[in-house]
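Subject: Structure handover

Hello,

Please find the structure below. My notes on it follow.

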Amino acid sequence: MADIDIKSEIAGKVWLIEAEVGQGVEEDDAVIILESMKMEIPVAAPVSGKITEILVEKDEAVAEGQTVARMEG
Amino acid sequence: MGWENNVEEHRRRIAAAEAMGSTRRLEERAAAGILNARQRIEALLDSGSFHESGRFAVSARAESADRSPADGVVDGYGRIDGREVVVCAQDFTTLGSSSAINNGRKSQKMWRTAEKNGVPFVYLSECSGARIPDIMGAVGMGRIGEGFIFSRRRIVPWADALLGMSFGGGTWVASVSDFVVMRKGAVMAVTSPRVNSVAISEQIDPEDMGGWRVQTEITGKADLAVDTDEEALQAVRDYLSYLPSNCNEMPPMADVPAGSGEDANRILDLVPEERRRTYDVRKVIRLIVDRDSMFPIKERFGRSLVTSFARIEGRSVGIIANNPMFKGGALDVDSCDKATSFIAMCDSFNVPLIFLADVPGFLIGIEGEHRKVPGKIMNFMQALELASVPVLSVIMRKSYGQAYINMGGGRSDEMACWFTADISFVDPAVAASIVTGLDPTTEPEKFAAAVDEYSLGCSPYDLAGQYLAHDVIDPRDTRRWLGRMLDAHQRRRTGGIGAHHMQSWPFTY
């Protein structure tokens, strides 16, 4: 069960946190939703597995490539 | 008779050429489920259509002649779906299919023959790099340098299946090909990890250097990655089915599968009316095009833009669509490069272009500027301006600023808006912030009034009212509209053959 970083591919502001620590997610499920370019942009789980850490808070600014959560797949 | 000796020697030499490398190496591959060069050719081509050329060639160095059947590259002619192709397959079991004098001459001859006769060139890469004993020293290097020419133009389609470790020659061919499919586990790089460790004391995992994830996600040099040799060879066949045999022909027409367009009404369920919400445009494309005809190119690279071959009413098209699912559909450096290369390829082979726009703009910020995003935007724009194939565009929802123009705005033979289209310079909220300086958290009412003001005049009817779009359509009619417009814009004066201004456009950016 490798630890996998869930990274934002775009800079923006955290709008919604869609998953909780311990929650099971499928590949491509939205874990965080950012507001960027006036759009609601999901940061999706790269694989199916379980969320182990949420590293951002609502309204926090995130950079491109920043790890916003971790999961085990 | 008296010919027995000749017949016997001929048979023996054919058997030696066809035996390829050592039995042990061939058995190891078979055990690992990896095809050898001759099996790959059989899997690629129509059954029984292969005719070899150059089978008696061996190494230019006498001391290697006995262990270099076909000099490590199996070349010849065959057919794919009944159409003639030229194929070269590197035989890794013979001296690692290392690049040397005679196999280099063989490959050069074959691609020139393909161009001269207007048939696709298919290369199956698996190459250990240069055959060092052959090309060491001034004469060795001089001969190799003189013999290799890389002045490729898009006269015939080049497709490369990269099926194993590939360094040097195998990678050069892939780098100038129109289409590259990799088998997962294959590696595409300039030199082997061994040369790296000797030359620059760097220990490298070959996958990190040029594995399928690197080449399909980071560099975009490979268009597709698959699990097996057989899938890769099928992908080459599928790719070529969308293209003509050469730049002076039209792509073949295909039968229209039953049920195509049947689910067009579902488009309204897939696309959210609210412009802030995202969706996967690939699902929309599948509803519009002929059933099962979508063939994405570089699907894992620059994902905010989809570039895909497909068919509409049996006719090949190249689709360029923003995908709001990734980065909100904003165009970035990678998606611009992807658009440019796809436009150059479609235009060179007379494949009409279809733009589907839903774009908030270009992705702005430091990362893009450091990676030359203005140049990438203009490359994309230049490609669109140079294209002479029919260009149709559909504005699905928002289309803002320069991205509106890059996505065919004002540059299309025919442009339609869905009734959900929203056209302007930027999102109204951005315009309100910039122009008024209002803070939406402290003065929400004033800000909302400013947003309302900048939201006026952005409708598809505003655009079509000034004849800046040619129609406003119901999204469910998209397939019908595209099919009819492809028919209307067939460039009948030249039989659909374009001017090919991007024939010499580089293959890497």
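In what sense do β1(A) and strand β8 (residues 67-72) of chain A pair, and over how many bridges? The pairing is antiparallel, over five bridges. Two strands count as paired if DSSP finds at least two bridges between them; helices (H or I, at least four residues) and strands (E, at least two) are DSSP runs, numbered from the N terminus.

Before the rest, the ground rules. This is a predicted model, in which local features need pLDDT of at least 70 and side-chain atom pairs count only at pLDDT 80 or more, while totals for chains, interfaces and linings use all residues. Residues are numbered from 1 along each chain as its sequence is written, chains are lettered from A and ligands numbered from 1 in the order in which they are written, and side-chain values use heavy atoms, with hydrogens and water left out.

Chain A

Chain B

Helix α1 (residues 4-19) of chain B has 16 residues and spans 22 Å from first C-alpha to last, close to the 22 Å expected at 1.5 Å a residue (the expected span is 1.5 Å times one less than the number of residues). After α1(B) comes M20(B), with a positive phi near 60°.

Interface

Chain B gives 21 residues to the contact and chain A gives 11, contact meaning heavy atoms within 4.5 Å. Together the chains bury about 1,400 Å², 59% of it on carbon and sulfur atoms (buried area is the accessible area, 1.4 Å probe, that two parts lose on being put together, summed over both). Four salt bridges are counted between chain B and chain A. R276(B) and E35(A) meet in a salt bridge through their side chains (3.1 Å, N to O). On the side of chain B that touches chain A, the elements giving two or more residues are β13 (391-400) and α18 (428-436) of chain B.

Regards
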